[in-house]
Amino acid sequence: MATFWFQKTHEYIAEVDGEYRVGISEFAAQELGDITFVELPDVGATIAQGERFGTVESVKAVSDVYAPVDFQVTAVNEALADEPEKVNADPQGDGWFIKAKLSDPSQLDALMSEADYDAMDKEAG
Amino acid sequence: MEDAAKRTPLYDTHVKLGAKMVDFAGYMMPVWYPTGIVKEHLAVRNDVGIFDLTHMGEFFIKGESAFDFVQHVTCNDVRKIGNGGVQYTLFPTPEGGVVDDLLVYQINPEYYMMVVNASNIDKDWEWVNRHNDFGVELKNSSDNYSLIAVQGPRCEEVLTAAGFEDVAYDHPFTFRRVKRDGKRAYLCITGYTGERGFELIIQNAGAQSLWNDLMTAGAALGITPVGLGARDTLRLEAGMCLYGHELDDTTSVIEANLAWTVGWDKDFLGKDVLVRHKADGTDRLLFGLTVEKKFGSPRPGARVFAEGTDMGAVTSGSYAPSLDKNIAFCYLRPAACEAGRELTVEVRKKQVPATAVKPPFIRHRLFEHKY
């Protein structure tokens, strides 16, 4: 079972079997429409909270993605290079962007739970 | 704010279909349906798609001098079209720019319809009125007519199944006037996709039942509602200009490679400067480029380089679903407009390799009788 944390800009962190994954929410994937390209950082890169760590491009929009917490990239989802549509198909599963080692897991406490994120007025943002 | 945008008669239909609605040029329009842009795009190329394009503007021109008036304000030669003919043309400015691009429909030489871009309705209306030295009667019927397009290889089958008689995709750029449930309609063999297709311009009161009839008739033929997102990728692949991107009040008809639309044997507003542009050449020309899928899509404003020299900028760019790579329109120095030339273009602040291509990016299938 995965536990999810979200930030307002629609990125998530999920804890899956003791690993942390970062990606974009179902809502964000749906809003972007058909995703055609995902740009990801290099493995080993250190990203600070709030820093841009990638770009998602759909047919109609380009959107940067921002780190919800401080982390180091331990793996990137190589499958997205050939099949960026996986992000639309399963953004919070197979469509994850990167695996990360968190510098300070207590930063998660400041993020939204899944229930809080679901309840957030997303259209207003 | 929210209510400032107009709703077409099909607004509720789009919402029920789950469309993402956006304010486009003051109209709430579907940008895509849950099907998604890529599948909507491919449906038009492979089968058939249906579009609500009610945001487009309709003007009517009536009077003894209607022919002379249209000859004066547009650059194409209206003598070429004949009754029941449709012509792609532009309103050039005396300064060498473009007010809008449009289609002109000749009902007879004393009666014309113009279909103009939604974003330019007010500006165009002001323009035609300002240049009406011919005493013609002008009517802006944009709020009275809806436009439904049926585009793709199976378009004839859909219209036939919906009860239209003698439907044949025989002469692209013609139209006929029909009655549909007692409502005035124009059945036009026109489109903006590069595919065989029809556009139906109908009085608003007839729009909903026409849409429903076409959807029912097309169900077995794979008819797919298509939003403005795929409309844009379809027209871009087909190498068709979009006002506000490839055309504006600073671009000349000649720069946009639209010299074929100019009636050189007639007089019209802004002719002098076009004659000069044709004789002397221009500093830039509209051209195309492609970028491999893995590099991402160039976007409007991205600079284009050849051997390190800045050659111009992108005006429209997108992932092209039919080609599975990225394509773009760009204004380039004439020296760089050579198909196959290696270029670089800025994508997300990095220079990536690109190849110059002469648009269209796909082969038009408008004039193919059967395939």
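This report describes selected strands, helices and contacts in a predicted model.

## The open sheet of chain B

Chain B contains an open sheet of three strands, arranged in the order 1-3-2 with mixed pairing. Its edge strands are strand 1 (6-7) and strand 2 (20-24) of chain B, each of which pairs on one side only. Strand 2 of chain B runs antiparallel to strand 3 (residues 27-32) of chain B, and five bridges join the two. Within this part of the sheet, Asp23(B) stands opposite Met28(B) of strand 3 of chain B.

Strands of a sheet pair through backbone hydrogen bonds, in either a parallel or an antiparallel sense. Across strand 2 and strand 3 of chain B lies helix 7 (residues 228-237) of chain B, running at about 65° to strand 3 of chain B.

## The barrel of chain B

A closed barrel of six strands is also present in chain B; its strand order is 15-18-17-16-19-20, and the pairing is antiparallel. From one strand to the next, the twist averages 45°. Helix 7 of chain B packs on this sheet, where it touches strand 17 and strand 18 (325-332) of chain B, and its direction makes about 130° with that of strand 17 of chain B.

Strand 15 (residues 285-291) of chain B and strand 20 (residues 350-357) of chain B are paired in the antiparallel sense over three bridges. Thr290(B) has Thr355(B), in strand 20 of chain B, as its bridge partner.

## Helix 7 and its surroundings

Helix 7 of chain B is largely enclosed by the rest of the structure, because nine of its 10 residues are buried. The buried residues are Leu228(B), Gly229(B), Ala230(B), Arg231(B), Asp232(B), Thr233(B), Leu234(B), Leu236(B) and Glu237(B). They pack against strand 2, strand 3, helix 2, strand 4 (49-52), strand 17 and strand 18 of chain B. After helix 7 of chain B comes Gly239(B), which has a positive phi, near 70°.

The axes of helix 2 of chain B and helix 7 of chain B come within 9 Å and cross at roughly 55°. These two helices of chain B are therefore oblique to each other. Helix 2 of chain B passes helix 7 of chain B in a right-handed crossing. On the helix 2 side, Ile37(B), Glu40(B), His41(B) and Val44(B) meet Gly229(B), Ala230(B), Thr233(B) and Leu234(B) of helix 7 of chain B. The residues of this contact comprise four nonpolar, three polar and one charged.

## Where chain B touches chain A

In the contact between the chains, 14 residues of chain B meet 11 residues of chain A. Strand 3, helix 2 (37-46), helix 7 and strand 17 (309-320) of chain B each supply at least two residues of the side that touches chain A. This side of chain B consists of five nonpolar, six polar and three charged residues.

Ala207(B) belongs to helix 6 (residues 207-218) of chain B. Ala207(B) is buried, because 25 other C-beta atoms lie within 10 Å. Residues up to four places away in sequence aside, Ala207(B) touches Pro9(B), Leu10(B), Thr54(B), Ser146(B), Ile148(B) and Ile202(B). Although Ser146(B) is 61 residues apart from Ala207(B) along the chain, their C-alpha atoms are separated by 6.2 Å.

Strand 13 (residues 197-203) of chain B is mostly covered, with six of its seven residues buried. Strand 13 of chain B pairs with strand 10 (residues 145-151) of chain B in the antiparallel sense over seven bridges, and Ile148(B) stands opposite Leu200(B) of strand 13 of chain B. Strand 12 (residues 183-188) of chain B also runs antiparallel to strand 13 of chain B and is joined to it by four bridges. Here Ala185(B) stands opposite Ile202(B) of strand 13 of chain B.

## Strand 6 of chain A

In chain A, strand 6 (residues 52-58) has five of its seven residues buried, so it is largely enclosed by the rest of the structure. Strand 4 (residues 35-39) of chain A pairs with strand 6 of chain A in the antiparallel sense over four bridges. Ile35(A) stands opposite Ser58(A) of strand 6 of chain A.

Strand 6 of chain A also pairs with strand 7 (residues 62-66) of chain A, in the antiparallel sense and over five bridges. These two strands of chain A form a hairpin with three residues between them. Arg52(A) stands opposite Tyr66(A) of strand 7 of chain A.

Notes
Residues numbered from 1 in each chain as written. Chains lettered and ligands numbered in written order. Predicted model: local features only at pLDDT ≥ 70, side-chain atom pairs only at ≥ 80, totals over all residues. Pairing = 2+ DSSP bridges. Contact = placed C-beta atoms within 7 Å. Axes fitted to C-alpha atoms, helices over the stretch in contact; angles between N-to-C directions. Nonpolar A, V, L, I, M, F, W, Y, C, P; charged D, E, K, R; others polar. Parallel < 35°, antiparallel > 145°, perpendicular 65-115°, else oblique. Left-handed = near helix turned anticlockwise from the far one by under 90°. Buried ≥ 20, exposed ≤ 12 C-beta atoms within 10 Å, placed from the backbone.
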